[in-house]
Amino acid sequence: MSIGNTAHPPAHPAFTPVRSQTVASLNITVEQYEHNKTGAAHYHLASTNNENVFLVALRTVPQDSTGVAHILEHTALCGSQRYPVRDPFFMMLRRSLNTFMNAFTSSDWTAYPFASQNRKDFANLLDVYLDAVFFSRLDPLDFAQEGHRVEFAEPANPDSDLVFKGVVFNEMKGAMSAVGSVLWNTLCEHIFPTTTYHYNSGGDPEHIPDLSYDQLRDFYRSHYHPSNAIFMTFGDIPAAEHQAVFEARALGQFERLDERIQVPPEQRLSAPLRVAGRYAYDENGGTHRKTHIVIGWLLGQSTNLEQLLEAQLLASVLLDNSASPLQQALETTKLGQAPSPLCGLEDSMREMVFACGVEGSEAHHVEALEELVLGVLERVAREGVSHDRMEAVLHQLELHQREISGDGYPYGLQLILQALGCATHYSDPIAVLDLEPVIAGLREKIEDPLYIRQLARRLLLDNPHRVTLVMTPDMELSAQRAAAEAARLAAIKAAMDEQARAATVQLAADLIQRQQRVDDENILPKVELSDVPASLPELRYQDSTLRGMPVTTYGQGTNGLVYQQVVAPLPPLDPAHLQILPLYTHIITELGLGASDYLEAQHRQSATVGSIHAFSSLRAAVDDEQVVSGRLVLSSKALLRNAREQASLMRDTLASVRFDERARIRELINQQRARRDQSITGNGHGLAMAAACAGMSGLARLNHELSGLAGIRSLRVLDDSLQDESALAEFADTLAGLHQRALAMPRQLLVVAEDHRTADLATLAVQAWEPAQSTARSAARDGQFSLAPCRERRAQLWLTNTQVNFCARAYPTVPVQHPDAPALTVLGGFLRNGFLHRAIREQGGAYGGGASQDSGIAAFRFYSYRDPRLVQTLQDFDGAISWMLDNRHEYRALEEAILGVISSLDKPSSPAGEAKQHFHNRLFGRSHEQREQFRQRVLAVGLDDLRRVADTYLRQELASTAVITNSGQREASAALAGELGLSIEEL
């Protein structure tokens with residue numbers, strides 16, 4: 001339960017305490033303060049956690065799609081009053097032991113967060129962040145670099161063509177290559193006809209060049225003021241200590257600003273709309289079944305806790321899993337290939353949006369889809385939903401409230417972001433964190449069978465603010481946009497006089513000069529190697545054998561959750577079984593169990609566990625990348641009271657999964673194909689690196705074939721083939737055969753829970769597994785999983801639906817135990833910091849680029865992300881090696897690269913995540929001692945080591961290359977592939 005109005009800790013004199021409230025379910029106390037002079041809000045989430053988090057957010061409400069808030073987020077980090085260097089943000093990334101550093105632009109706020117476990121480091125970062133946000137220099141050259149500019153294709157030749165350049169310009173070209181982004185922005189344009197959400201806050205590439213420097217500066221002056229700021233902190237540093245720094249470094253220099261920046265309520269539609277749009281589609285194969293149909297409703301205020309929880313409840317009842325009525329209808333309908341990626345509730349804006357729909361459809365299905373969706377809603381409004389299914393939804397809300405996450409973003413930052421929306425709209429963020437009383441209230445309300453029926457009718461059926469969007473593929477749109485951009489640039493050039501041409505040439509020269517300028521980094525604070533902890537903390541665990549079954553337990557602060565895994569060695573697999581391994585692990589938790597069909601199994605999962613999923617884990621030996629072992633893992637999490645049912649569900653999932661539900665299997669493959677297709681533009685650099693590395697070991701090849709571009713291509717072929725019933729039956733039989741092999745392998749258990757519960761929980765789990773375990777032991781076969789070695793060069797150009805490029809080049813190196821692995825790991829950061837960031841991002845205009853050693857597959861990889869260039873980027877990869885070998889380098893740069901590696905090695909995760917990671921490291925021979933040895937070797941790397949490993953391993957004759965580019969420019973791509981010696985691959 002929550003305890004309101006707890007005793008308030010002392011505040012700094014510049015701040016007035018407002019209230020303090022303990023949230024017992026999160027083990028935090030939320031303290032609210034107001035700055036006396038400016039009115040700035042400060043929310044401190046007091047915790048015993050030593051990973052302290054800071055965030056300052058500004059309400060940013062753009063009135064166009066020029067991306068002003070997004071470009072300002074980038075430009076503000078390019079130098080400030082006290083730190084007048086060119087790039088303090090990226091400089092601090094490498095002078096820090098941070099566990100998180102970034103900046104975000106949302107639809108109505110811009111935030112600057114960081115986290116660190118080191119107090120000195122936290123203080124350093126806080127100084128730099130406060131100065132960047134409130135005293136940014138906003139140099140026009142930084143605006144030109146980060147936002148947009150026109151430049152001659154040959155920068156010093158005014159007779160060459162003009163081109164648009166800019167980091168955000170290219171970032172958003174990449175972002176808007178993703179159909180999901182186009183869908184969402186188009187839907188918002190019509191659901192929000194009058195407010196800021198009508199516009200693309202990240203920036204539309206067509207409108208970004210309309211933004212002027214003066215408009216950027218004016219937006220900064222009106223929005224980046226303490227009176228419009230929200231400060232949020234988490235951790236064990238007291239609020240008063242933070243406030244002393246806020247006051248001294250920033251707030252004390254401002255007066256209150258009377259203007260109140262806020263988003264007004266949207267004007268409501270009086271009748272539903274149906275609108276049409278187009279998205280660029282450049283792949284071969286035609287546009288059949290490539291249309292997206294989405295229906296969206298504008299709901300109530302996200303800042304009203306009752307409206308928020310009611311919307312979340314209804315959305316979960318309708319879409320939570322495959323047994324939910326609307327989700328089931330969208331998954332099984334012949335009107336589309338799969339549910340739309342937009343399905344769900346968007347509650348981060350002032351007013352919430354509920355959306356549902358399908359992808360892989362045709363425009364003429366729009367009326368039938370509307371009838372299907374409204375028919376499901378009408379049935380829910382008329383018949384309701386069973387009480388046990390409502391309880392299952394509340395169970396999920398309760399579990400989510402209790403879980404201590406932190407495996408992606410730091411846990412404290414996740415809590416802060418959860419609360420930020422309400423704070424942005426001048427509402428109560430504490431209530432959003434303290435959900436237990438609200439969940440208890442909902443539990444009472446669902447006792448009334450009319451409650452969910454009335455919600456469905458009031459929020460959706462009787463709500464006229466509804467927009468149906470039909471987005472059709474257009475194979476001409478990319479060419480039309482390119483032609484329009486070329487015409488616009490030609491018109492700009494035609495209007496230039498000699499003075500304007502000279503100014504354009506001068507801007508390019510000034511920008512290059514600024515990018516090559518060496519700043520005095522010593523004005524920035526930093527941590528040193530002496531600040532690095534001497535060793536990694538070792539986790540306590542217990543290995544035992546209960547009733548013949550190996551069990552490992554970890555006592556961790558899981559806040560009342562239980563994490564269980566059953567782990568078995570991968571059996572020997574023939575090629576047919578190996579190719580479907582990721583599909584098998586995805587499918588087995590989505591099918592029926594025993595006499596229950598998949599709908600009943602889905603409901604059982606929802607009522608019992610927070611999640612259950614299977615995966616395969618394959619790793620190379622620490623001393624030989626060609627020797628690979630693997631494990632199959634079934635993993636789940638649950639509330640303590642459900643631990644027995646959790647273990648039984650896991651047992652039944654393996655023992656009685658039904659591969660006879662063939663129609664369901666076909667749906668799941670269809671959905672998986674849709675998800676994998678959508679992942680390309682968001683993870684293009686990862687896919688390109690996997691393709692470049694595919695010839696370097698058996699594991700690298702398998703990664704590319706299963707989860708890389710080759711895997712996406714194979715999945716498309718499989719999905720098309722499963723329309724044939726005999727092929728579907730054969731695929732189901734292959735899945736069942738793989739499952740029988742997996743069942744024959746001996747198992748072991750992992751249990752992670754509160755320390756005083758682990759012994760009882762281990763006994764309980766073994767009791768559930770005992771009958772199945774004896775079967776596995778008796779049926780276990782000789783032999784073990786292995787992969788054939790692989791060592792070959794690759795050179796590929798992949799064509800797909802993207803407006804930007806992703807480049808990768810890779811070299812075979814060494815596994816983690818090799819003495820050179822630490823130096824290669826440090827070399828990645830050294831090349832990124834010293835050469836690649838400037839060449840690929842600042843000068844080349846890509847959103848990102850870098851290099852890294854992957855000791856798991858013994859490969860060193862260069863990459864670029866959302867890149868306007870291709871050949872020049874590959875040349876920059878080579879240039880980075882020459883720069884390393886041909887120049888003298890400072891110890892400071894080495895120290896920064898080592899700090900970056902140590903920061904990533906020491907980065908904390910959630911209590912459960914740390915235990916699971918530790919357990920699996922030990923399974924694959926990566927003991928605490930081995931990881932400590934690697935860490936000490938990293939700390940001992942010298943400049944001569946970097947030069948030696950670069951010269952030894954990064955040789956041109958060993959390089960493999962892969963690039964991903966636009967399939968709409970086939971002739972140019974073919975010529976380019978010929979020039980670079982790349983084979984063309986199509987998805």
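1. In helix H24, the residues Gly684, Leu687, Ala688, Met689, Ala690, Ala691, Ala692 and Cys693 are buried, where buried stands for under 20% relative accessible area, exposed for over 50% and partly exposed for what lies in between, with a 1.4 Å probe and protein chains only. Helix H24 spans residues 684–693, and because 8 of its 10 residues are buried, it is largely enclosed by the rest of the structure. The cover over these buried residues includes helices H25 (698–707) and H26 (709–721), together with strands E24 (795–800), E25 (806–812), E27 (859–865) and E28 (960–966). Helices (H or I, at least four residues) and strands (E, at least two) are DSSP runs, numbered from the N terminus.

2. On the basis of the values: this is a predicted model, in which local features need pLDDT of at least 70 and side-chain atom pairs count only at pLDDT 80 or more, while totals for chains, interfaces and linings use all residues. Residues are numbered from 1 along each chain as its sequence is written, and side-chain values use heavy atoms, with hydrogens and water left out.

3. An open sheet of mixed pairing is formed by 6 strands in the order E18-E19-E23-E20-E22-E21, two strands being taken as paired if DSSP finds at least two bridges between them. Its edges are strand E18 (542–546) and strand E21 (611–621), each of which pairs on one side only. On average, neighbouring strands of this sheet are turned by 25 degrees against each other, direction ignored; axes here are lines fitted to C-alpha atoms, for helices over the stretch in contact, and angles run from 0 to 180 degrees between N-to-C directions.

4. Within the sheet, strand E20 (residues 561–569) and strand E22 (residues 624–639) are antiparallel partners over 9 bridges, and Leu561 stands opposite Leu639 in E22. Helix H12 (residues 387–402) packs on the sheet, where it touches both E20 and E22, and its direction makes about 120 degrees with that of E22; contact means heavy atoms within 4.5 Å.

5. At the other end of the strand order, E18 and strand E19 (residues 549–555) run antiparallel and are joined by 5 bridges, with Leu546 opposite Met549 in E19. The hairpin that these two strands make has 2 residues between them, and Arg547 takes a positive phi near 55 degrees there.

6. The largest nonpolar core has 83 residues, and Phe54, Tyr112, Phe134 and Phe231 are those with the most contacts inside it. Such a core is a set of buried Ala, Val, Leu, Ile, Met, Phe, Trp, Tyr and Cys residues joined through side-chain atoms within 4.5 Å. Helix H3 (residues 119–134) gives the most to this core, with 9 residues. Leaving aside residues up to four places away in sequence, Phe134 touches residues including Val56, Leu58, Tyr220, Tyr224, Phe231 and Phe254. A second, separate core of 75 residues includes Met549, Ile612, Ile669 and Ala762.

7. The structure holds 0 disulfides, a disulfide being counted as a pair of cysteine sulfur atoms within 2.5 Å. For Cys343, which is in no disulfide, the nearest cysteine sulfur is that of Cys356, 5.8 Å away, and Cys343 counts as partly exposed at 23% relative accessibility. Cys422 is likewise in no disulfide, the nearest cysteine sulfur being that of Cys188 at 19 Å, and Cys422 counts as buried at 6% relative accessibility.
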